[in-house]
Amino acid sequence: MARSTHPGACPLDCPDTCVWQLTVADGRAVALRGDRDHPFTRGALCGKVNRYLDAVNGPDRLTTPYVRTGPKGVGRVSYRPASWAEAIARAATGLRAGIDRDGPESVLPYYFAGTMGHVQGWTMGPRLFAYLGASRLDTTICTGAAQAALRSIYGGSVGFEPESIVDARLIVLWGANPLATNLHLWPFIQQARERGAYLVTIDPLRTDSAARSDQHVAPLPGTDAALALGLMRHVLDAGAADEEWLAAHTVGWPELAARLDEWPVERAAAECGLPVEVVRDLGTRIATTRPTAVRVGLGLQRHHGAGQAIRAICALPLVTGDFRYPGGGALVSTSGHHPIEEGPVVRPPDMPAPPARSVNMSRLAAVLTGEADPPVTSLVVFNANPAATAPDQNRLLAGLRRDDLHTVVLEQRWTDTCDYADVVLPATMQPEHLDLHSSYGHHYTTLNLPVTEAPGEALPNTEIFRRLAAALGIDHPRLRDSDEELARQLLRGTPVSFEELRERTYVRITGVAVGSAPYAHGGFRTPDGRARLHDPSLARLGVDPLPGHTPPVEATDRELARRFPLVLVAPAGRFLMNSTFASLPWHARRTGPPRVHLHPDDAAARGLADGDAVRVRNDRGVFLAAVAVDDATRPGLAFTYKAYWARLSPGRATVNAVTAVRDTDLGGAPTFHDCRVEVEPAPAELLTVEPPRDAEPAPRGPADLPPRPGAQPVESVPAG
């Protein structure tokens, strides 16, 4: 059997964007390992992606289209296989009827980071809907607050050069857990520690990374801005503010310095629920250590005051002048350094794209149940599983059940959202299509080429949208562009060609040198190159122009606290990637069933022991879980891991049954961690998961068939 090995890129929603080496035999992927030569990922794959071929070759791959024949929301028994011609015709007929009846803005495309690839995720689908004049999706659900905050203070999603962190003398992981969500940064952190760096993790939970740090600081959820303001005040009081650098490369320092008069260490500590000496000692360490690198995670922006929190944290290394030095400054995302621009490709100048309203994806539950005017009557979902991942799950599912909502889903396997579709279309996975990847955690751009056969009748997203455009009677040439043409359009204006990427697989094209200090002399992405500690434009949005503390909504609601005394957060785990792997047996076993983690004091107060069944409830809904009693959390704070599917969970509900539709102070992002609940005992038998009502599909493609005689088993490589 002939075997060949091919480079490619991990497509998942992770800052690391690994380059891998895929071994193929007879058109089937049989082995996967990291590319040892990649400068950032260096050959290791994470615990999630080590078993990626379980997803590629799994018997649950969708290999043929399906159309609905029964009620929504009861499972796959309501569907039958269909030909592509029938399925596309049904999808197009529903869309056209909605447009003719309710106007083009009644159509809503809903997509996000099921793939991070520019080609399969962010070009042809949005291009088609732009041409139609459909509602435009405001993709807020992950980084909306951070992006808005970074635009305000730095002019874009930029920060220190991540490989330079080896030169830091103090590293602060603020709301970041790289061992679970940014694994390939950890060796650089370890290299810095071998050189004498001190590692601090700021997180309400004792995460894997916090447990391996020199110090763990655990503030109350949603109080990060208060802590940052108190630390800046201590730096100022210690005479450690870099006045020369601030004067040359920022605006608004005098105003912020005056604001800090309101934030003595004692006030910050009280707001955060921390001992005063912990805040003071950390402030002294920051004041006296150059360079300090602050790596900011995304989880801390899931509360109402997220935008101000990111601004305040990112102001801290401006006050200390840490951007002067390699290894100094703050970093949330590198995406602003990448020169690829999707906007001109989504709406090319030679293609009509009528103006249209923008719909906030984080508000989907509200949009589908009455918030939108005109109402959304057609929904096209790709690279997303909103039934599992969007807030206010019960209201969302009520919206998805609407008889007048025509829903089309592009998917690789049957998800929660497929249960509510009118048409389900089988999509390819990464080894089976072309894509182009930037990164939000490093500075390399990667080309992924198709190297295996797609199972059954699965097609790339791009081809599905080309067929849908044709079925809608649209004949514009930009809606017939090939995947390679889309990649070439994305690369226009960058210093690299498609041919060079095809030859080399990945190229550093950001213009930020390895180990450099890109903002040592200013040059931020603002109009004047200065970082904005005071941003007057925010006043028009009703936001304080200075960094400040916006408290969380539910955590500070005393009346709500009497009824629901526990604050609940839902971090990412090590073996699930959003909802991508939740149905795969190996990933599910490693993650375990849903659990809610309680401090021993909170468990004892409720008469609960480890392993007991509980209901986690508030006014929005209920989900079921087993109790895990440990001190990874503090009293009054519970946590459970996100990314489970409702159809595979007890009670057919997940943590999003209790999360709210509520916007952050900046960016319109969701507030998953701004949530109060009560936890109470439940009968143990409720934790039994009833199997989904799915008809057993007959084998229809290579992924559904048993291995061929003599076929090699899929190999895996241990996590690095």
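Predicted model: local features only at pLDDT ≥ 70, side-chain atom pairs only at ≥ 80, totals over all residues.
Visitor: Which residues of α14 make the contact with α5?
Guide: Happy to list both sides. From α5 come Ala145, Ala146, Ala149, Leu150, Ser152 and Ile153. Facing them on α14 are Ala306, Gly307, Ile310, Arg311, Cys314, Ala315 and Leu318.

Visitor: How many residues of that contact of α5 with α14 are nonpolar?
Guide: Sorting them by class leaves 2 polar and 1 charged. The nonpolar residues of this contact number 10.

Visitor: What is the orientation of α5 to α14?
Guide: Helix α5 covers residues 144-153 and helix α14 covers residues 306-319. Their axes come within 8 Å and cross at roughly 45 degrees. That angle is why α5 counts as oblique to α14.

Visitor: At roughly what angle do the axes of α2 and α19 cross?
Guide: Here we look at helix α2, residues 84-102, and helix α19, residues 461-471. The crossing of α2 past α19 is right-handed. The two axes come within 9 Å, and they cross at roughly 60 degrees.

Visitor: Which residues of α19 touch α2?
Guide: On the α2 side you will find Trp84, Ile88, Ala91, Ala92 and Leu95. The contact of α2 with α19 divides into 8 nonpolar, no polar and 1 charged. The α19 partners are Ile464, Arg467, Leu468 and Ala471.

Visitor: Which element gives the largest share of the lining of the largest pocket?
Guide: The largest pocket has a volume of about 1400 Å³, and 49 residues line it. Elements that each supply at least two lining residues include β6 (107-111), α3 (118-122), α4 (124-132) and α15 (343-346). The largest share, 6 residues, comes from α5.

Visitor: Which residues lie nearest the centre of the largest pocket?
Guide: By class, the lining of the largest pocket divides into 22 nonpolar, 19 polar and 8 charged residues. Nearest the centre of the largest pocket lie Trp122, Thr139, Gln147, Ser335 and Glu342.

Visitor: How many lining residues of the second largest cavity are charged?
Guide: There are 3 cavities of 30 Å³ or more, and the second largest cavity holds about 80 Å³ of space. Its lining includes Cys10, Cys14, Cys18 and Cys46, along with Asp16, His184 and Met577. Of the residues lining the second largest cavity, 8 are nonpolar, 2 are polar and the charged count is 1.

Methods: Residues numbered from 1 in each chain as written. Heavy atoms only, no water. Axes fitted to C-alpha atoms, helices over the stretch in contact; angles between N-to-C directions. Helix = DSSP H or I, 4+ residues; strand = E, 2+ residues; numbered from the N terminus. Parallel < 35°, antiparallel > 145°, perpendicular 65-115°, else oblique. Contact = heavy atoms within 4.5 Å. Nonpolar A, V, L, I, M, F, W, Y, C, P; charged D, E, K, R; others polar. 1 Å grid on protein atoms, 1.4 Å probe; cavity = no way out; pocket = protein on both sides within 12 Å on 5 of 7 lines; lining within 4 Å. Points joined across faces, edges and corners; volume = space filled by probe spheres on them. Left-handed = near helix turned anticlockwise from the far one by under 90°.
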